Amino acid sequence: MKSVDTILHARWILPVTESDPLLHDHCIIIDDGRITDILPSSESTNLYTAQIEKTYNQHLLMPGLINAHTHSPMSLFRGIADDLPLEDWLNNHIWPAEAKWVSDEFVHDGTQLAIAEMIRSGTTCFNDMYFFPEVTARLARDIGIRACIGLIAVEFPSAWASNADEYIDKGLELRDHFRSDSLIHTPFAPHAPFTVSDAPLSRIRVLADEMDLPIHIHVHETADEIEQSIKQHGKRPLERLNELGLVSPNLMAVHLTQVTDEEITLLAESSSHVVHCPESNLKLASGFCPVKKLMDAGINVALGTDGSASNNDLNMLGEMHTASLLAKGVSGDATALTAMQTIRMATINGAKALGLDQDTGSLEAGKYADITAIDFSALEMNPIYDPVANLVYSAGREQVTDVWVAGRHLLKDKELTTLDEQDIMNKCRKWNEVISTFENEE
């Protein structure tokens, strides 16, 4: 018999592989942080012995959720400017608040709060875009969660950098520092076409092509964005990005609520990716991403929450539920975005967009053991005719009991193992008090 680190037995395992099987009474064999085998539990006893062996009789084990678009430190801005349209929310509330408060301490404490929330709701990998990315990267590494830390670029100065070139240069230093880290990855993250000019976008395109890195950027988030682009550049943002060479397999176009059939064809032919953020788009009344049309065209669509300031949570199970229902309502087709398609958006599709699908996004031998356990024993989850449908349409983050990243048990029986929940709450209360005082004075 072979000795391994961990064996996880479960009532169901959903690997999210090509044929999308739902396995009954199987187990996952984990050794040195990776999955080495998935097989019926009845067969494992003669083949493997483990230091840790757990049985989850009422659970479904699935790939850890991948949040493909976040601004994690903005968790500290949760609820400060609700019920406003995007332009007012961003220009008159969020950017002034960031100018006042963003620092390495703010980013550390906000990211810590965000990561705790994400782990507790089943997320094992997040794709971030924010200032002081080195702080987020170090914190994610120490906690043990997989993270794609965007090399942010904007034109305007901030507490972190003074101009677009400095943003890019500091980002490249960050990439060099974490180049060999298995948990930390570094896509480029120019904020949006309306906040980054042609020269830095062209520089990012050259660097991304040389390094084969994703380019994570807000695109066509609102009708006003497109209108302003036509006034300033004489063309829609996606056309401008295409002329600069950014519409390519490296592109991760976030939001995309305003898109023509011609633009869908362009994205499909270029093998670009789209990140859908349904709840943030709904809350800010930004529009509807035509997910069914995109997927029918063969475009890889991933799922993200956006930041807590505009969502107001980082709950990927909730995002899945919203995404599936919204796609049906927008398309007028009840078969649009099935439960299984939605799960793929939140797992393997995100991994593909981030270039991580060889390592995560599905449960397969050779991949990292990034796993989430969902408890189906609650009355709200029963009866169970189709566990996959229940996962999307009935489950909430309160059903997440355990989370592993590279085989490390980050959430154990609903308890965080690498974070101090009370310390996070104390820091949150401190920021709540000082930001509330400033907002009230304003």
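1. Let's start with the sheet in this predicted model. Strand 7 (residues 146–149) and strand 9 run parallel and are joined by 2 bridges. Within this pairing, cysteine 148 has histidine 185 of strand 9 as its bridge partner. Helix 12 (residues 316–331) packs on the sheet, where it touches strand 5 and strand 6 (123–128). The direction of helix 12 makes about 80° with that of strand 5.

2. Stepping back, the open sheet has 4 strands in the order 5-6-7-9, with parallel pairing. Strand 5 (65–70) and strand 9 (184–185) are the edge strands, each pairing on one side only. As a reminder, strands of a sheet pair through backbone hydrogen bonds, either parallel or antiparallel.

3. The side chain of arginine 146 meets that of aspartate 370, at 2.7 Å from N to O. This pair links distant parts of the chain, 224 residues apart: arginine 146 sits in strand 7, and aspartate 370 in the loop between helix 14 (348–353) and strand 15 (371–375). Arginine 146 counts as buried because its relative accessibility is 2%, and aspartate 370 counts as buried at 2% as well.

4. Now for a pair within one helix. Arginine 205 and aspartate 209 form a salt bridge at 3.8 Å, N to O. They are 4 residues apart in helix 6, so about one helical turn separates them. Arginine 205 is partly exposed, with 27% relative accessibility, and aspartate 209 is partly exposed at 42%. The whole structure has 25 salt bridges.

5. On to the annotated positions. An unreviewed UniProt entry gives Glu98, His191, Glu221 and Asp306 as "binding site". From this set, Glu98, His191, Glu221 and Asp306 are in the lining of the largest pocket.

6. Histidine 191 lies in the loop between strand 10 (188–190) and helix 6 (198–211). Histidine 191 counts as buried because its relative accessibility is 14%, under the 20% cut-off. Leaving aside residues up to four places away in sequence, histidine 191 touches Trp95, Met129, Ala153, Val154, Val196, Ile217 and His218.

7. Glutamate 221 is found in the loop between strand 11 (215–219) and helix 7 (223–233). With a relative accessible area of 8%, glutamate 221 is buried. Its contacts beyond four places in sequence include Asp306, another position in the UniProt "binding site" set. Among the other residues that glutamate 221 touches are His255, Thr257 and Gln258.

Note on methods:
Residues numbered from 1 in each chain as written. Predicted model: local features only at pLDDT ≥ 70, side-chain atom pairs only at ≥ 80, totals over all residues. Heavy atoms only, no water. UniProt positions renumbered as here; feature names shortened; annotations may be inferred. 1 Å grid on protein atoms, 1.4 Å probe; cavity = no way out; pocket = protein on both sides within 12 Å on 5 of 7 lines; lining within 4 Å. Buried < 20%, exposed > 50% of the residue type's maximum accessible area, 1.4 Å probe, protein only. Contact = heavy atoms within 4.5 Å. Pairing = 2+ DSSP bridges. Axes fitted to C-alpha atoms, helices over the stretch in contact; angles between N-to-C directions. Salt bridge = Lys/Arg side-chain N within 4 Å of Asp/Glu carboxyl O.
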